[in-house]
Amino acid sequence: MRIDIITIFPEYFGPLEVSLIGKAAQRGDIVFRVHDLRNWALDVHHSVDDTPYGGGPGMVMKPEPWGEALDAVAAVGGPARLVVPSPSGRPFTQRMAAGYAREPRLVFACGRYEGIDARVVEDARSRMPVDEVSIGDYVLAGGEPAVLVMTEAIGRLLPGVLGNAQSAADDSFGGDGEGPMAALIEGPVYTRPRVWRGREVPPVLLSGDHAAIARWRHDSALRVTAANRPDLAARLAAGQPAAPGQPAAPGQAAAPGQPVPPGQAAAPGSAIRGTPPGE
Ligand code: JAH
């Protein structure tokens, strides 16, 4: 797959040369093209921002450089989907990552300041599919870190990128948002030594009883999901798994309560019990 990234900070994407994604790029399984937006800032000062109409704090990214950049990048390399990280976008999920991993080409547009003039996305929509996507309910200083997060989630799902295809399928949230672990987060994992600082690995994991191990892992996943993700656990209890990745219907958005400290019970009034004492 080919991934184009348009940004005023091309250096931000050095990490794409590292680790799993870096190796996939070396093999040519992913082709990254990082573009400096200022190449299309055609005024003498190469300016990319201006003051907001209507007043208010901060600056807004000017439409002209973005229009030129998107025209130029879209003109080469085949049809593409445009992805614009934004705190007001639709939530990025495992299911979306799996969908994106099946696309031949993605173009990411990284905003900075207070965002990009809204006409840029409007205009782009007349030529290509466009998703405004949020990686979580917090505000960054720009879309760049969100693009690193999304490319990592997408890249590890590409055929041949992850060593063991099963490890993606078994992940928290499942490789494609389907399957037995969908809507559950994973429980604890262990490796050697069997006893470390007096702490033993749960004996069932050494039993060789594969059915018992699968049951223990499923129970652990349920316990951790109840403790840390009452929103997911409530959906499970309501008998609607396979929802991770599904954008919540309007008015159905998950509204998780306060974070639950590890090992603590879920908030009173939650439909779900937290970790029982002694477990
Ligand atoms: C902030 C442009 N959902 C995370 C997220 C994504 C993008 C941005 N913030 C948060 C952002 C400033 C300018 C994009």
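Predicted model: local features only at pLDDT ≥ 70, side-chain atom pairs only at ≥ 80, totals over all residues.
Ser134 places a polar side-chain atom 2.9 Å from a nitrogen atom of the ligand. For Ile135, a backbone N or O atom lies 3.0 Å from a nitrogen atom of the ligand. At Gly136, a polar backbone atom is 3.1 Å from a nitrogen atom of the ligand. Each of these pairs falls within the 3.5 Å limit for a polar contact between N or O atoms. The ligand taken alone exposes 360 Å², and the protein buries 96% of that area.

The next topic is the packing of two helices. Two packed helices are described by the angle between their axes and the distance between those axes. Helix α7 (residues 210-228) packs with helix α8 (residues 230-237) at an angle of about 120 degrees, and their axes are 6 Å apart. Angles from 65 to 115 degrees count as roughly perpendicular and those over 145 as roughly antiparallel; α7 and α8 are therefore oblique to each other. On the α7 side, the contact is made by Leu222, Thr225, Ala226, Ala227 and Asn228, while α8 contributes Pro230, Leu232, Ala233 and Leu236. In terms of class, this contact of α7 with α8 has 7 nonpolar and 2 polar residues, and no charged residues.

Arg192 and Pro193 are joined by a cis peptide bond, with omega about 5 degrees. Pro193 is found in the loop between α6 (165-169) and β8 (195-196). The other feature concerns His46, a residue other than glycine whose phi is positive, near 50 degrees. His46 has its place in the loop between β2 (31-36) and β3 (49-50).

Terms used. Residues numbered from 1 in each chain as written. Heavy atoms only, no water. Polar contact = N/O pair within 3.5 Å; in protein donor to acceptor, adjacent residues only side chain to side chain. Areas by Shrake-Rupley, 256 points an atom, 1.4 Å probe, with all protein chains shown as cover. Axes fitted to C-alpha atoms, helices over the stretch in contact; angles between N-to-C directions. Helix = DSSP H or I, 4+ residues; strand = E, 2+ residues; numbered from the N terminus. Parallel < 35°, antiparallel > 145°, perpendicular 65-115°, else oblique. Contact = heavy atoms within 4.5 Å. Nonpolar A, V, L, I, M, F, W, Y, C, P; charged D, E, K, R; others polar.
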